[in-house]
Amino acid sequence: MSDMATVADNNVTNEKILLVDDNPTNLQVLYQTLSGRGYKLLVAKNGESALAVARKAAPHLILLDIMMPDIDGYEVCRRLKEDENTSEIPIIFLSALDETEDKVRGLDLGAVDYIAKPFQADEVIARVNTHLTIYRLKREVEQQKAELERELEIVSEVQRDLLPKQLPTIKGMKLAAYYKTSRYAGGDYYDIIRLEDNQWGIMIADAEGHSAPAAVRMAMTCALLRGYHESATDPAALLRDVNETLCDVMEGSFVTALYCVYDSTLRSLRMARAGHMPAVLCRPGEGRAVELSCDGVHPLGIFPYEHVPVTEAPLRSGDHVLFYTDGLTERFNPRGEMYGLDRLLTRFQGSTSSEPQEVLDAIMADAERFADGLPAEDDQALLLCVIE
């Protein structure tokens with residue numbers, strides 16, 4: 001038998017097995033045991049040959065002798081596991097060494113199993129079939145995961161296309177936004193729409209959950225806002241009508257929302273809230289930040305509203321108004337502490353810049369320091385308006 005041989009015995013599975021042993025008799029036994037079962041059998045008689053064959057042929061399983069001259073099986077295994085191109089190949093050690101410490105050493109190096117010599121044909125076949133099945137299923141799961149991740153990337157791209165491509169120019173107001181999903185796609189949403197008579201509609205919303213289902217609910221909310229057939233200058237009417245539609249199409253889920261109408265002539269903000277956090281007002285000259293008091297109703301999509309209260313807040317030059325989702329305040333650190341509203345207010349009222357993007361950057365930097373490397377578990381969206 002040559003140093004390397006490939007045999008396609010009634011190839012059914014198209015799975016390749018590399019047999020490595022410096023003893024020709026052992027190789028012959030292994031070869032005869034596994035031949036005729038639909039595998040491509042590759043053979044190597046020493047460690048160097050085994051490494052070369054594994055890197056070139058990428059077998060699906062390796063049966064590896066331990067006691068070989070020059071490079072033993074332990075070293076071959078170590079090198080294969082260090083190489084990203086071969087590290088995932090399952091390895092079964094073959095050896096007359098039957099001490100527990102020998103088995104443990106092999107498993108510690110990354111082997112999946114251990115077969116003691118002399119071989120029992122039924123045992124070899126059973127273990128080979130078991131580990132090939134495991135490896136096959138693992139590859140299928142990885143392929144499905146890759147396909148799912150690609151689909152989620154597409155959903156994320158579509159979702160981001162629904163957000164404002166650029167913030168509008170509003171007389172007497174400067175704007176900045178921050179948006180980040182905890183996964184590929186999320187349920188947070190913000191938007192600003194132009195209305196009549198120097199008025200602007202401002203929406204911040206948070207669909208329940210994460211990933212694709214939340215992104216779909218977010219897209220529905222976006223479509224209902226932008227396609228609203230009535231005048232969107234009435235916050236109560238808009239939330240009532242959007243809720244009515246969502247109640248018809250959503251079951252067992254909801255969307256929190258805060259919808260406001262800003263009148264740039266009067267510098268006033270009329271707000272209607274559906275289960276969402278109130279906006280936060282900071283007057284830098286006073287050095288304090290507070291929630292804008294606003295009575296609310298339950299989230300969108302649960303059941304119809306009988307009445308939606310509207311609260312009006314007068315604004316003045318220098319005011320900072322922050323709209324946000326709970327992914328910020330519910331950000332955790334490794335100690336299990338939550339960022340919380342108080343930290344947000346403290347950071348917000350400590351801002352001295354009149355540039356909204358600088359203020360948002362400072363808030364998010366503070367949240368990241370607090371999280372201390374722990375990834376966010378929820379989506380985060382912020383919209384900051386600075387009255388000039």
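Residue numbers start from 1 along each chain as its sequence is written. In this predicted model, local features need pLDDT of at least 70 and side-chain atom pairs count only at pLDDT 80 or more, while totals for chains, interfaces and linings use all residues; side-chain values use heavy atoms, with hydrogens and water left out.

**View 1. Confidence along the protein chain.** The mean pLDDT (the predictor's confidence in each residue, from 0 to 100) is 89 for the protein chain, and 94% of its residues reach 70 or more. Residues 2-12 have pLDDT below 50, yet in the model this stretch has 29 contacts (heavy atoms within 4.5 Å) beyond near neighbours in sequence. Where pLDDT is low, predicted coordinates should not be read in detail.

**View 2. The cis peptide bond at Pro118.** Look for the link between Lys117 and Pro118: this peptide bond is cis, with omega about 0 degrees. Pro118 sits in the loop between strand S6 (113-116) and helix H5 (121-162). Helices (H or I, at least four residues) and strands (E, at least two) are DSSP runs, numbered from the N terminus.

**View 3. Asp70 and its positive phi.** Asp70 is not a glycine, but its phi is positive, about 65 degrees. You will find Asp70 in the loop between strand S4 (61-65) and helix H3 (73-82). Its relative accessibility is 83%, so Asp70 counts as exposed (over 50% relative accessible area; buried is under 20%, partly exposed in between; 1.4 Å probe, protein chains only).

**View 4. Arg267 between two strands.** Here the loop joins strand S10 (255-263) and strand S11 (268-274). Arg267, a residue other than glycine, has a positive phi near 55 degrees. With a relative accessible area of 31%, Arg267 is partly exposed.
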